[in-house]
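Here is a briefing on one protein model.

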Amino acid sequence: MSEPAEGPRLAGAVGVEPPDLAELLGRVARGDQEAFGEVYERLAGPVYGLALRVVRDPAQAEEIAQDVLVELWRKASHYRPERGSAMSWALTVAHRRAVDRVRSSQADRDREERAAAPAPEYDEVAEEVGVRLEHQQVRRCMGGLTETQRESITLAYYGGYTYREVSELLGVGLAAVKTRMRDGLIRLRDCLGVQP
């Protein structure tokens, strides 16, 4: 008597691991709506939480989360496992979208304030150039970190996660996250020329 054919894997079934998030994104890239449903279930909460931390407005955070999840549906084929975990990729997309929203809102407020304010007494162009040069230097120094250091620091400092949350998101021990971040911050400090 032949054995029954193996059916689809069910998340939560005894002894069956749910599909990896990276695997699900690969299926989403091929148009699998069921896989997207699982991706949505796994990522909706973390994406919303990150957006809320950045924009601090529940309504805007919901809009951002919805936009990000639609973007993940459309651009799942852009995910590259060799560049980091699927969770990090999704949260990076969410963080960028949330920061863009904050910047856009801030730019609107700044335009309104500039229109109503007298001419500044300092050189705005020189200030802006200095800030951009600092940002470029930080990006260059971040590029010199290992992937694990960069992921840990990005989640903690740009995403606002605690060490424990970073540990859970990356699936590594708390001590390893602390070590990665300490070593990465030392390398950043040295690269930026900051004196301890």
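Buried means under 20% relative accessible area, exposed over 50%, and partly exposed in between, with a 1.4 Å probe and protein chains only. By that scale valine 70 is partly exposed, with a relative accessible area of 31%. This is a predicted model: local features need pLDDT of at least 70, side-chain atom pairs count only at pLDDT 80 or more, and totals for chains, interfaces and linings use all residues. Residues are numbered from 1 along each chain as its sequence is written, and side-chain values use heavy atoms, with hydrogens and water left out.

**Overall fold**

- The protein has eight helices and zero strands. Helices (H or I, at least four residues) and strands (E, at least two) are DSSP runs, numbered from the N terminus.
- Read from the N terminus, the elements run α-α-α-α-α-α-α-α.
- Of the 196 residues, 29% count as buried.
- Contact means heavy atoms within 4.5 Å. Among contacts with a separation of 6 or more, 58% come from residues 24 or more positions apart.

**Aromatic rings and a charge**

- Rings of Phe, Tyr and Trp (its six-membered ring) pair if their centres lie within 6.5 Å; planes under 30 degrees apart count as stacked, over 60 as edge-to-face and the rest as tilted.
- The count by this rule is three aromatic pairs.
- Tyrosine 79 and tryptophan 89 make a tilted pair, at 5.5 Å centre to centre and 50 degrees between the planes.
- Tyrosine 79 sits in the loop between helix H3 (58–74) and helix H4 (86–116), and tryptophan 89 in helix H4, so the pair ties together parts that are ten residues apart in sequence.
- Tyrosine 79 is buried, at a relative accessible area of 9%.
- Phe36, Tyr40 and Trp73 are linked into a cluster by ring pairs.
- Arginine 53 lies over the face of tyrosine 161, 4.5 Å from the ring centre. A charge sits over a ring if NZ of Lys or CZ of Arg is within 6 Å of the ring centre and within 35 degrees of the ring normal.

**Packing of H5 and H6**

- Helix H5 (residues 124–143) packs on helix H6 (residues 147–158) at about 140 degrees, with the axes 10 Å apart.
- That angle makes H5 oblique to H6. Angles under 35 degrees count as roughly parallel, over 145 as roughly antiparallel, 65 to 115 as roughly perpendicular and the rest as oblique.
- Axes are lines fitted to C-alpha atoms, for helices over the stretch in contact, and angles run from 0 to 180 degrees between N-to-C directions.
- From H5, Val138, Met142 and Gly143 meet Arg150, Ile153, Thr154 and Tyr158 of H6.

**Individual residues**

- Serine 152 is found in helix H6. Its relative accessible area is 0%, which counts as buried.
- Beyond neighbours within four places in sequence, serine 152 contacts Val166, Leu170, Arg180 and Met181.
- Serine 152 and serine 167 are 15 residues apart along the chain, with C-alpha atoms 8.3 Å apart.
- Arginine 182 lies in helix H8 (residues 174–192). This arginine 182 is partly exposed at 47%.
- Arginine 182 and serine 152 are 30 residues apart in sequence and 10.0 Å apart, C-alpha to C-alpha.
- Valine 70 belongs to helix H3. The C-alpha atoms of valine 70 and phenylalanine 36 are separated by 9.9 Å, at 34 residues apart along the chain.
- Arginine 56 has a positive phi of about 60 degrees, although it is not a glycine. Arginine 56 is in the loop between helix H2 (33–55) and H3, and counts as exposed at 69% relative accessibility.
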